[in-house]
Amino acid sequence: MANSLFEDAASEKEKERFKRVSEEVINKAVLRDGGIGTLSEKTTHAVLKEFFMQGEEGADAEVPLEGYVADIYGEKCGVIEIQTRNFGKMKAKLSAFLPKYKVTIVYPIAHHTQLRYIEPETGRVTEGKRSNYVGCVYELFGEMCHIIPFLGNENLSFKVALLEEEEFRMADGFGKNKHRRATKCDKLPQALYKLVEIKNTKEFMKFIPDMLVEPFSVKELAEAAYINRYYAQTVIQLLYDMGVVDFAEKRGREYLYVRVRGKSTFSKP
């Protein structure tokens, strides 16, 4: 699958640390907020912030910087921003941080999700099925399109955290067990499946599978990377904008692309 195309940047010790941090943060949040069903997506943000802060020597959380507050900052690691969604909200911070600091955007993606249901009357939690959806690294491009002016900046890098998660829903939907269209409550990280690093523009080349023969189409990229055509189209467009791929020719109605190994000519009509 698509995730197998990327090396895992997390060691076994880091995965063990993530599990420990996740349990500690979630337990504190449950005690503070009154139990499962009262938490929010901020829990995932808190877990990742604590995990990455512990992994960087001399780093602190919630650091005032350039008129904003950085999630994590250290002299060695620079700025680390945890963004669970909507990269567009980061434009002002990126404008302030990137001219002076290295900035790493951490983006969590649910790789596998175990569904659990809460009975409204009793609060009892029951086991549900495992979601059929498998999240992949290519989902990053759906958010990157909101910060296009910053892509290619030598101070900007990304870390994609693929997580094993539990999603809690109220059993208030339809059907015999009231699971269909049930209200979503919490989504809590349980384990770090894989950590993928993209340190610079050149490393975006790893999103093009090695076995993909040039010139290739959007459809062929989708098939080689095991992603749908929507993501493949977004990937090609952003890689083209960054000069990672270039237009080669047309085959019928399809544009064909090649990897850019030198300076791009940006020749697409």
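Modeller: A definition first: contact means heavy atoms within 4.5 Å. Note too that this is a predicted model.

Colleague: Which elements are included in what covers the buried residues of helix 5?

Modeller: Helix 5 spans residues 218-225. Its buried residues are Val218, Leu221, Ala222, Ala224 and Ala225. The cover over them includes helix 6 and strand 9 (254-259).

Colleague: How are helix 5 and helix 6 oriented: roughly parallel or roughly perpendicular?

Modeller: The axes of helix 5 and helix 6 (residues 229-241) come within 8 Å, crossing at roughly 115 degrees. Angles of 65 to 115 degrees count as roughly perpendicular. Helix 5 is therefore, relative to helix 6, roughly perpendicular.

Colleague: Is the crossing of helix 5 with helix 6 left-handed or right-handed?

Modeller: The axes of the two helices come within 8 Å. As helix 5 passes helix 6, the crossing is right-handed.

Colleague: How do the residues of the contact of helix 5 with helix 6 divide into nonpolar, polar and charged?

Modeller: Helix 5 brings Val218, Lys219, Leu221 and Ala222, while helix 6 brings Arg229, Ala232, Gln233, Val235 and Ile236. By class, the residues of this contact are six nonpolar, one polar and two charged.

Colleague: Which residue does a cis peptide bond join to Pro215?

Modeller: Pro215 sits in the loop between strand 7 (183-198) and helix 5. Most peptide bonds are trans. Here omega is about -5 degrees, and the cis bond joins Pro215 to Glu214.

Colleague: With which side chain does the side chain of His112 make a polar contact?

Modeller: His112 is found in strand 4. Leaving aside neighbours within four places in sequence, His112 is in contact with Arg130, Val134, Leu163, Glu164 and Glu165. At 2.7 Å, the side-chain polar contact of His112 is with Arg130.

Colleague: Is Thr113 buried or exposed?

Modeller: Thr113 lies in strand 4 (residues 103-118). Beyond four places in sequence, Thr113 is in contact with Arg130, Ser131, Glu165, Glu167 and Lys187. Its relative accessible area is 7%, and the cut-off is under 20%, so Thr113 is buried.

Colleague: What is the relative accessible area of Glu164?

Modeller: Glu164 has its place in strand 6 (residues 156-170). Beyond four places in sequence, Glu164 touches His111, His112, Arg130, Leu188, Pro189, Gln190, Ala191 and Tyr193. Glu164 is buried, with a relative accessible area of 19%.

Colleague: What separation do the C-alpha atoms of Glu164 and Leu5 have?

Modeller: Along the chain, Glu164 and Leu5 are 159 residues apart. Between their C-alpha atoms the separation is 18 Å.

How values were computed
Residues numbered from 1 in each chain as written. Predicted model: local features only at pLDDT ≥ 70, side-chain atom pairs only at ≥ 80, totals over all residues. Heavy atoms only, no water. Helix = DSSP H or I, 4+ residues; strand = E, 2+ residues; numbered from the N terminus. Buried < 20%, exposed > 50% of the residue type's maximum accessible area, 1.4 Å probe, protein only. Axes fitted to C-alpha atoms, helices over the stretch in contact; angles between N-to-C directions. Parallel < 35°, antiparallel > 145°, perpendicular 65-115°, else oblique. Left-handed = near helix turned anticlockwise from the far one by under 90°. Nonpolar A, V, L, I, M, F, W, Y, C, P; charged D, E, K, R; others polar. Polar contact = N/O pair within 3.5 Å; in protein donor to acceptor, adjacent residues only side chain to side chain.
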